[in-house]
Amino acid sequence: MPVDAHDAVRRALALLEADGLDKLTVRRLATELDVKAPALYWHFSSKRALLDHMTDAIVAPVLDQLPPPGTPWLTWLEEAGFALHAALLRHRDGPRIAIGASLTVARSLGEFAERAVGVLHRAGFPLADATRAAGVLLHFVLGRAVEDQTRPGTADEAAVLQTIPFPLMARGLRERHEAGATVTDDFRYALGILLAGLNMKRPI
């Protein structure tokens with residue numbers, strides 16, 4: 001029976017949720033689908049290619065959540081960044097999968113970047129700089145999501161903070177913890193710094 005690529009990606013995402021990225025292989029997916037591995041290589045030439053298709057599936061819903069045309073550019077970038085960050089964190093190891101994805105295969109991630117370029121260009125950035133700035137946003141969200149997904153839960157965070165050997169950082173992190181700062185709070189603060197920098201770089 002021919003393998004349906006969409007069904008294979010769906011099953012791969014289910015395996016990801018169950019056992020994580022490190023245990024996901026094309027061969028294991030083939031076993032799950034009850035086919036020989038070569039049947040999958042027609043659609044996915046390597047594990048990276050499979051991950052690119054999975055990234056496309058993870059990010060696709062974000063495109064429907066992006067702000068409408070006419071939204072102020074900084075607001076657009078902030079809301080888009082939050083939407084992508086949240087989508088990645090909804091999947092176990094989702095950020096790790098998306099890191100290094102080919103935008104020609106992970107088309108939804110490429111479309112996200114394309115729309116960000118358009119927003120930045122209309123805001124006054126030369127097109128070359130708009131591509132750079134969109135890349136900064138994309139890479140920041142991906143990298144930050146990787147870090148945020150490995151962050152200890154609230155119950156474990158206090159114990160982890162006790163092990164930090166750098167006194168100023170330890171005290172500051174404890175203050176954030178005691179104030180109830182969440183992953184979302186910290187992401188908003190960091191994204192705000194990035195957007196403030198882009199605002200300073202915008203041609204007058």
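User: What pattern does the chain follow, read along the sequence?

Analyst: Read along the sequence, this predicted model follows the pattern α-α-α-α-α-α-α-α-α-α-α. In secondary structure that comes to eleven helices and zero strands. The C-alpha atoms fill a box of roughly 55 × 45 × 25 Å along the principal axes.

User: How do you know that the span of helix H7 agrees with its number of residues?

Analyst: Helix H7 covers residues 107-122, which is 16 residues. The expected span is 1.5 Å times one less than the number of residues, so H7 should span 22 Å. Its end C-alpha atoms are 22 Å apart, and therefore the two agree. After H7 comes Gly124, with a positive phi near 120°.

User: Which helices do the buried residues of H7 pack against?

Analyst: They pack against helix H4 (47-63), helix H5 (73-89), helix H6 (94-98) and H8. The buried residues of H7 include Leu109, Phe112, Ala116 and Leu120.

User: Which residues touch the most other members of the largest nonpolar core?

Analyst: Those are Leu40, Met54, Leu77 and Phe112, in a core of 61 residues. Helix H8 (residues 127-149) gives the most to this core, with nine residues. As for Met54, leaving aside neighbours within four places in sequence, its contacts are Val9, Ala12, Leu13, Leu16, Leu24 and Ile97. In soluble globular proteins, nonpolar side chains tend to be buried together.

User: What makes the pair of Trp73 and Phe125 edge-to-face?

Analyst: The structure holds three aromatic pairs. In the pair of Trp73 and Phe125, the ring centres are 5.6 Å apart and the planes stand at 70°. Trp73 is in helix H5 and Phe125 in the loop between H7 and H8, 52 residues apart, so to speak of the pair is to speak of a link between distant parts of the chain.

User: Why do Trp73 and Phe125 count as buried?

Analyst: Buried means under 20% relative accessible area. Trp73 is at 13%, so it counts as buried, and Phe125, at 4%, does too.

User: Why is the pair of Phe140 and Phe187 called stacked?

Analyst: Their ring planes are at 15°, under the 30 degrees set for stacking, so the pair is stacked. The ring centres lie 5.9 Å apart. Phe140 in helix H8 and Phe187 in helix H11 (residues 183-201) are 47 residues apart, and the pair links these distant parts of the chain. Both Phe140 and Phe187 are buried. Ring pairs also link Phe82 with Phe140 and Phe187 into a cluster.

User: What makes Val146 partly exposed?

Analyst: Val146, in helix H8, has 22% relative accessibility. Buried means under 20% and exposed over 50%, so Val146 counts as partly exposed. Leaving aside neighbours within four places in sequence, Val146 is in contact with Pro95, Arg96 and Ile99. The C-alpha atoms of Val146 and His85, 61 residues apart along the chain, are separated by 9.6 Å.

Terms used:
Residues numbered from 1 in each chain as written. Predicted model: local features only at pLDDT ≥ 70, side-chain atom pairs only at ≥ 80, totals over all residues. Heavy atoms only, no water. Core = buried A, V, L, I, M, F, W, Y, C linked by side-chain atoms within 4.5 Å. Buried < 20%, exposed > 50% of the residue type's maximum accessible area, 1.4 Å probe, protein only. Helix = DSSP H or I, 4+ residues; strand = E, 2+ residues; numbered from the N terminus. Contact = heavy atoms within 4.5 Å. Phe/Tyr/Trp six-rings, centres within 6.5 Å; stacked < 30°, edge-to-face > 60°.
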